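Here's a quick briefing on how two parts of one chain sit against each other. Have the model open as you read.

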Amino acid sequence: MSENAPTYQGPERVFSGIQPTGNVHLGNYLGAIKRFVAMQHDYECLYCMVDMHAITVFQDPAELARHTRELAAMFIASGLDPDKNILFNQSKVSGHAELAWIFNCVARMGWLNRMTQFKDKAGKHRENASVGLFAYPNLMAADILLYKATHVPIGDDQKQHLELSRDIAQKFNNDYGSLRPGAEHFFPLPEPLIGAEAARIRSLRDGTKKMSKSEISDMTRINLKDDDELIAKKFKKARTDAEPLPGELAGLKDRPEADNLVEIYATLADISKEQVLKDYAGQGFGAFKPALADLAVAQLGPIRNRFNELMTDTAAIDKVLEQGAARARTIADPIIKEVRDLVGFV
Ligand code: TYM
């Protein structure tokens, strides 16, 4: 816990969340879920379907419910053990909304005005964006700090939000904690854990854009629900250049599409990009793409099959989520009680 010690004295705890908005893709898997799975043996982990974040942009209610169950099934199918980890939906633990309100009163307008994701998502129609979309990062800070989580595995696109969470924690500690001896370090300053590789998996059609759920063309991403044939087809059609693969990393400079495919290969195979280049130096994409497709199918196929099995029993998924929410509340309740007390709510 390098940075927080010796100021913050609480236990190490991991929190992360994914929006249940459908189309869970390879970027989510390599940048987040695969890493969640790897962390489950070393930390107490909470993994959340952030349905309250999802509705900052209108969601059809039936679809939201379906996507929430699907995301939970995808977590389990990817290897997250629901007994070991706390899997739950955000809306089932009321402390998220309560702490988010308090943080709405701690965070400054200027801080939120700097958030690039809001600018991207609101686009030209800023006046028409929901207030929730603007205040989104405050709810994210509440998600993390409601459990006093110390570590947050995320992709690169969430880094700025994490920095804001740290600023909110620090300001809350200064404003309220410093009034009570011993509470100066009430909240930890959560540390982002961003993978050295797969921090930003890019679109298969444009290596300068990130792979995204909201991109209109489905050919830009590999969805975890795609069947084997579709995965192979998407890699085959992925945009590349005419050069063969280089022998060294420097040879990928200014070749964003080639770099992205090498990065995907490396992260799927758990090897370095250097190693991939050693193995494929001099080969064209005609040879590399089928190898990449085979690797992806070998890893994603069993996850998809398990996911399909799990989705035949949604009552069992609901039970996992219900039990997860109950476990989450046992951690959150004493923390939110202390927060109320510090703020002066009697
Ligand atoms: P979301 O749902 O957009 O994405 C979920 C996770 O996947 C990562 N990710 C990627 N990683 C690599 N390459 C990509 N192309 C790619 N696209 C997405 C994201 O960085 C994220 O880790 N605001 C968050 C959800 C959230 C949250 C939280 C996360 C709400 N509360 C508290 C951590 C802690 C989001 O919209 O993620």
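Domain 1 and domain 2 bury about 1400 Å² between them, with 68% of that on carbon and sulfur atoms; buried area here is the accessible area (1.4 Å probe) that two parts lose on being put together, summed over both. Bear in mind that this is a predicted model, where local features need pLDDT of at least 70 and side-chain atom pairs count only at pLDDT 80 or more, while totals for chains, interfaces and linings use all residues. Residues are numbered from 1 along each chain as its sequence is written, and side-chain values use heavy atoms, leaving out hydrogens and water.

**The two domains**
- Domain 1 covers 13–194 + 313–343 and domain 2 covers 218–309, with bounds from an automatic or database domain assignment.
- Their C-alpha centres lie 30 Å apart.
- The contact (heavy atoms within 4.5 Å) takes 14 residues from domain 1 and 16 residues from domain 2.

**Salt bridges**
- Two salt bridges link domain 1 and domain 2, each being a side-chain nitrogen of Lys or Arg within 4 Å of a carboxyl oxygen of Asp or Glu.
- K225 pairs with E70 in a salt bridge, and their closest N and O atoms are 3.1 Å apart.

**Domain 1's side of the contact**
- α1 (26–39) and α3 (61–77) each bring at least two residues to the side that touches domain 2; helices are DSSP runs (H or I, at least four residues), numbered from the N terminus.
- The largest share, five residues, comes from α3.
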